[in-house]
2 protein chains.
Amino acid sequence: MDTRRRILDVARELFAARSYAGTSIADITGRLGMSKAALYYHFSSKAEILSALVAEPLAAYERLADSHLPPAELLAAVVDTTAGYLDVVDAIGSDPSARAVIRDLSRQRGADEINATIVAALAGPAPSEPRRVRAHAAYAVAKHGTLSLTAGGKLATHDRAEILAAAMRALDA
Amino acid sequence: MDTRRRILDVARELFAARSYAGTSIADITGRLGMSKAALYYHFSSKAEILSALVAEPLAAYERLADSHLPPAELLAAVVDTTAGYLDVVDAIGSDPSARAVIRDLSRQRGADEINATIVAALAGPAPSEPRRVRAHAAYAVAKHGTLSLTAGGKLATHDRAEILAAAMRALDA
DNA sequence: GTCTATAAGACGATAGAC
DNA sequence: GTCTATCGTCTTATAGAC
């Protein structure tokens with residue numbers, strides 16, 4: 001059962017470097033020193049590896065979208081969720097081939113729709129056009145700011161407070 | 001010579017939807033109703049299609065990184081460059097397989113390094129840790145905020161002013 | 001659980017006719 | 001400038017032995 005984890009770790013790393021479509025099963029098993037058939041004992045398809053990788057973070061973002069939290073708490077939750085699943089968000093959140101596979105994985109809402117829901121929650125009901133723009137800006141800070149800031153490492157407490165404050169300033173004119 | 005443009009248009013669209021590695025030459029020619037051999041009359045390889053697509057926007061970001069503009073002007077230039085090459089940035093800027101190919105295209109600085117240079121310019125010389133965090137936040141607004149805001153369309157003048165103001169607020173505590 | 005071997009097809013790219 | 005046909009390789013996935 002530890003082999004499963006090792007496969008997922010290597011897959012995440014390679015998907016981040018070469019994308020899902022650009023990574024072959026042989027690439028993964030080659031780095032692990034095992035045969036392709038051995039991998040298929042643990043996973044029934046390539047798509048299932050991706051699915052196991054994204055299921056948890058995707059569900060977390062989905063809960064956020066449905067949380068009805070006020071803007072300040074919602075932004076904090078976006079920062080924490082992004083930091084918490086940093087490696088997966090980095091590896092797969094920006095890979096079109098992975099996103100396409102996830103969409104076809106019989107899932108109702110894709111990542112794009114979840115993002116849009118969160119931005120709408122930040123903007124509030126019947127937002128003015130400037131307010132809508134500021135919601136996009138704040139979400140960009142909370143998600144991509146956190147990502148690029150903590151590239152590779154962990155999010156320190158004082159950095160968390162600072163990025164959250166920046167997101168709030170972007171939201172409130 | 002118009003055929004070349006039609007190929008690039010379809011390639012950009014498919015790379016955005018399925019990534020570079022996830023798009024085959026047959027996918028592109030299939031949508032254009034031409035044979036694979038016909039495409040290879042206009043481009044000598046798949047990588048050359050990608051290269052033709054990204055050369056101009058990549059050079060534009062590189063000029064920005066070397067511009068030594070003060071923060072306010074630099075952020076405005078990032079917003080305008082991102083909006084100006086919206087479709088390409090969207091299609092390829094977030095695709096790991098494309099980024100890997102571009103890196104191997106005998107180019108000195110990759111996209112990651114260019115981004116880091118711009119963030120460093122925003123932070124200024126010998127920045128404090130909070131200032132460094134704010135530089136990441138401001139760049140996230142200027143790039144990803146602009147991207148998600150104008151998804152598919154064009155950046156309106158008043159939206160441009162609003163996102164720029166949000167980026168400046170993120171930068172200055 | 002892991003191996004070797006292989007099926008069945010998609011892939012990038014080319015040859016040569018028109 | 002575009003076609004059909006094909007080369008050699010890589011791909012996902014499986015069969016069957018250990």
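Biologist: Is B:Phe15 buried or exposed, and at what relative accessibility?

Modeller: Buried means under 20% relative accessible area, exposed means over 50%, and partly exposed lies in between (1.4 Å probe, protein chains only). B:Phe15 has 0% relative accessibility, so this residue counts as buried. B:Tyr20 has 8%, so B:Tyr20 counts as buried too.

Biologist: What should I know about the model before reading on?

Modeller: This is a predicted model, in which local features need pLDDT of at least 70 and side-chain atom pairs count only at pLDDT 80 or more, while totals for chains, interfaces and linings use all residues. Residues are numbered from 1 along each chain as its sequence is written, chains are lettered from A and ligands numbered from 1 in the order in which they are written, and side-chain values use heavy atoms, with hydrogens and water left out.

Biologist: How many aromatic pairs does the whole structure hold?

Modeller: Rings of Phe, Tyr and Trp (its six-membered ring) pair if their centres lie within 6.5 Å; planes under 30 degrees apart are stacked, over 60 edge-to-face, the rest tilted. The search finds two pairs over all chains. A:Phe15 and A:Tyr20 form an edge-to-face pair, 5.2 Å centre to centre with 75° between the planes. Both A:Phe15 and A:Tyr20 are buried. In chain B, the ring centres of B:Phe15 and B:Tyr20 are 5.2 Å apart and the planes are at 75°, so that pair is edge-to-face.

Biologist: Which elements make up chain A?

Modeller: Helices (H or I, at least four residues) and strands (E, at least two) are DSSP runs, numbered from the N terminus. Chain A has ten helices and zero strands. Its C-alpha atoms fill a box of roughly 55 × 35 × 25 Å along the principal axes. Of its 173 residues, 47% count as buried.

Biologist: What area do the two chains bury?

Modeller: The size of an interface is often given as the accessible area lost when the parts come together. Buried area is that loss (1.4 Å probe), summed over both parts. Chain B and chain A bury about 2500 Å² between them, 63% of it on carbon and sulfur atoms.

Biologist: How many salt bridges cross the interface?

Modeller: A salt bridge is a side-chain nitrogen of Lys or Arg within 4 Å of a carboxyl oxygen of Asp or Glu. The rule finds two across the interface of chain B and chain A. One of them joins A:Glu162 to B:Arg134, with the closest N and O atoms 3.1 Å apart. A:Glu162 is buried at 17% relative accessible area, and B:Arg134 is buried at 14%.

Biologist: Where do salt bridges form within a chain?

Modeller: A:Arg99 pairs with A:Asp112, the closest N and O atoms being 2.3 Å apart. This pair links H7 (residues 96–103) and H8 (residues 111–123) of chain A, 13 residues apart. A:Asp112 is partly exposed at 44%. In chain B, B:Arg12 and B:Asp9 meet at 2.6 Å, N to O. They are three residues apart in helix H1 of chain B, so about one helical turn separates them.
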